[in-house]
Each structure stands twice: as structure tokens, then as C-alpha cells.
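Me: I have a model open and want to go through some of its contacts. Can you take my questions one by one?
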Amino acid sequence: MAASSSHYDVIIIGAGAAGLMCAATAGYRGRKVLVVDHANKPGKKILMSGGGRCNFTNLNSTPANFLSDNPHYCISALKRYTPQDFLELVDRHGVEHEEKAPGQLFCKSSAKDILNVLLTECEWAGAEIRMSTSITQVQSSTTGYNLKTSSGALSCESLVVACGGLSIPTMGATGFGYELAKQFGLNVLPTRAGLVPFTLHPELKQQLSPLSGVSCPVEAHCNNQHFREPMLVTHRGLSGPSMLQVSSYWHPGDEVHINLLPRQQIQDDLFSLRKNKPQSTIAQYLNQHLPKRFAQAFNELQGWNRPLQEYRNAELEQTANTLENWTVKPAGTEGYRTAEVTLGGVDTRQLSSKTMAVLEQPTLYFIGEVVDVTGHLGGHNFQWAWASGVAAGKAV
């Protein structure tokens, strides 16, 4: 390889959502860009996201939908590149999409459509993508950075780290971005799995095991955060959007509080049912509002087997409280194996919120999931990838 062809204005480590977005943005500015990734294909997590349909943004995304130790950091980038901006790009490429839940946009046919948009943009912008390339060493030089890779030595003026977090190692996730940050003297906040299903202690797991596959609309609470979305019982524990959302706020030992009937005034319902139909049972009431299998199992779990007329006021109040505030203490989570995101990461206090560059080293950039900005479920993490990718792409 000739020396000239191994030097680039910008090298981006990671061919995921943030890296590809950054590459296209920088390429359009006339920068000579190379994206390198150790995986064999670009955008693997894009392809598997949203059940293969890619929930590529959320029209209602605001900084309030993100967790970070430095919550103001994400505001600038999100303001400058909005869900509407990405939607215009998708529309320009003729990608058909639909709004599944309020604000959540998915591809109508396949997540490949979003990956193709990014790859086409990179091609048009003249950005080169080199897969199956692992990096063994990164060193700063007087003019930028020297990289030793499995496909030879490379050099660049600006280096962008976009290699994601630790979630879903089968997709090639590693801690390389964090190691690189530490190598350059940056603080990396403790990482843990986010948007991840809960596992349960053996007794409760056994009691709920017949309900595997049953979904209920609930409101889940944990550490002053609450989400009204479906909960799914699995053979390993509790999943579904509400559980994934609260998992990002949960710490080992914490309880999760679940309102099984968030649309009902349960106590009023039970009192009036006792008055009007004294022979009816709590099981019959639950059957009206919950999936039958769940209603039956939960009723058995609690031992509610008498007609309502035999319940005193205090007992009905206690019953209502149990349904409104079913308290579960998870054993843990399924961890990075199934986590959609990684919480924590590169401390954003050391980065420019305008350009994503390291304040002490303005030619080194960190974008996407590797930094300590994590979105809620529902397209917010992709929006952060696009916004942070564009912010760095305009600066490199």
C-alpha cells in the first residue's frame, strides 16, 4: 500500500449508526474519511434493532429522554440535529416508515433500508469503509494519530471513536472505546447494562413460569421514574418495554413497583362490585382487566378465593394496594448479552458539547454509545447516534 493511501484527514473507529453518520457528514465537507471496524459487516446492531425493523428515531425525543451523569451535555447536539432532520434524510431516500407507538418511527419493510441510507450517503460523500480490520495500537503524533491495524499502518489528523458500548457481545461489542479513552487520560464512568430484561429469584420465577409469553399493560416504578407500557413475562423473568425502561434506573437490591391495573380505580371498583354483586370474586374482576392466564395465576398467588361480600374494608384496601403496587425485587438483569444499550461510559465533562471533541485534545472525538449518554427505549438512542455523529462530522 502506498504511503499516501494510508493517510486520511479523518479516521472513524466503528461502522455503526454514529460512525457512519459522522463519516457521511465529514465526507460531504470534502474531508478524506476512512471508517474501520473489526466486524465483517457494517451496521449489525442497526439490522437487528426494533425486531429487524429499526426504530430509527422518536419524533418526541427531548433531552429528558436521556440518562447521563452530566444531563445538560446532550442538549446542544440534539437541538442542532432533530428527529425531523433525520426523517427528511430517510424521506429523501424513499424509505417507507410507520409510527408504531406515539413518536416511534420504524421501517415498514426492513432495517436494511436505514443501513442502506447511511451506506449510500457515505458512498456519495466519498467516505471509505474498511471492515474486518482490527486495531492493535493507537498513538498520537505531532500531526495527529498513527494506527496499527490488521490491514496495515494508517494515519490521520482527526480520530473519531464510535465503537459503541458493551451490549450484545455476539454483535462484536467490546470495551475498546473505553480502553482508548483511558489511554488518552479520560475518565470513564462505570458501565452497566441498560434497557435489559430482569431475572427473578427462583421462587417467584417458578410461580410465574406458567405465564411465559403473557403481556400486560402496566405502570412500572423504580427510583422515582415511571413508565406506562407493556410488561412481558418470560421463562427467565420480566421483560417488555416497561421493564426495559425501568432497568436503566434500577440498581442491584432495588425493588420495582408495578401497578397491574393503571387504568382502574381499583379500590373504588372493588367496593362498588361488593355492593352491587356481593357474590362476585376478585378473580372475576381481574379477568375483566388482565389477560386471563395472568389474572388466574396472580389470583392464586395471592390466595384471593372468597366472594367479595366476605371481605372487610381493610382487606379490600389491602387487595387494591397489592394490585396497584405489586413489589418485585429482581435477582438481577440478563446483562450485556441481551441489553440494548450500555449505561455510563466516557465522562462527557471532558468533551465539547458542540463538537464532541476532547477539550484537552481537540482532534480526538467520542460519539454515540461509547459516551455517557443513554436514551430511553423507543428510538432515542438512534437519535443520539445521528445527532452526535453530525456534531462531530461538522467539526472534524
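Reply: Helices (H or I, at least four residues) and strands (E, at least two) are DSSP runs, numbered from the N terminus. This is a predicted model: local features need pLDDT of at least 70, side-chain atom pairs count only at pLDDT 80 or more, and totals for chains, interfaces and linings use all residues. Residues are numbered from 1 along each chain as its sequence is written, and side-chain values use heavy atoms, with hydrogens and water left out.

Me: Which residues of α1 and α13 meet?
Reply: From α1 they are A17, A18, M21, C22, T25 and A26; from α13 they are F382, A385, W386, S388, G389, V390, A392 and G393.

Me: How do those contact residues divide into nonpolar, polar and charged?
Reply: Ten are nonpolar, four polar and none charged. Ala, Val, Leu, Ile, Met, Phe, Trp, Tyr, Cys and Pro count as nonpolar, Asp, Glu, Lys and Arg as charged, and the others, Gly among them, as polar.

Me: At roughly what angle do the axes of α1 and α13 cross?
Reply: Roughly 35°, and the axes of α1 (residues 17–28) and α13 (residues 380–393) come within 7 Å. Axes are lines fitted to C-alpha atoms, for helices over the stretch in contact, and angles run from 0 to 180 degrees between N-to-C directions.

Me: New topic. How many disulfides are there?
Reply: Zero, from a search of the whole structure. A disulfide is a pair of cysteine sulfur atoms within 2.5 Å.

Me: Is C54 buried or exposed?
Reply: C54 is buried, because its relative accessibility is 0%. Buried means under 20% relative accessible area, exposed over 50%, partly exposed in between (1.4 Å probe, protein chains only). C107 is also buried, with a relative accessible area of 0%.

Me: Now the strands. What is the order in the open sheet of seven?
Reply: β17-β16-β13-β14-β15-β12-β18, with antiparallel pairing. Two strands pair if DSSP finds at least two bridges between them.

Me: Which strands stand at the edges?
Reply: β17 (326–328) and β18 (332–333); each has a single partner strand, so one side of each is left without a neighbour in the sheet.

Me: What joins β12 to β18?
Reply: Two bridges, with β12 (residues 198–199) running antiparallel to β18. The bridge partner of F198 is T333 in β18.

Notes:
Contact means heavy atoms within 4.5 Å.
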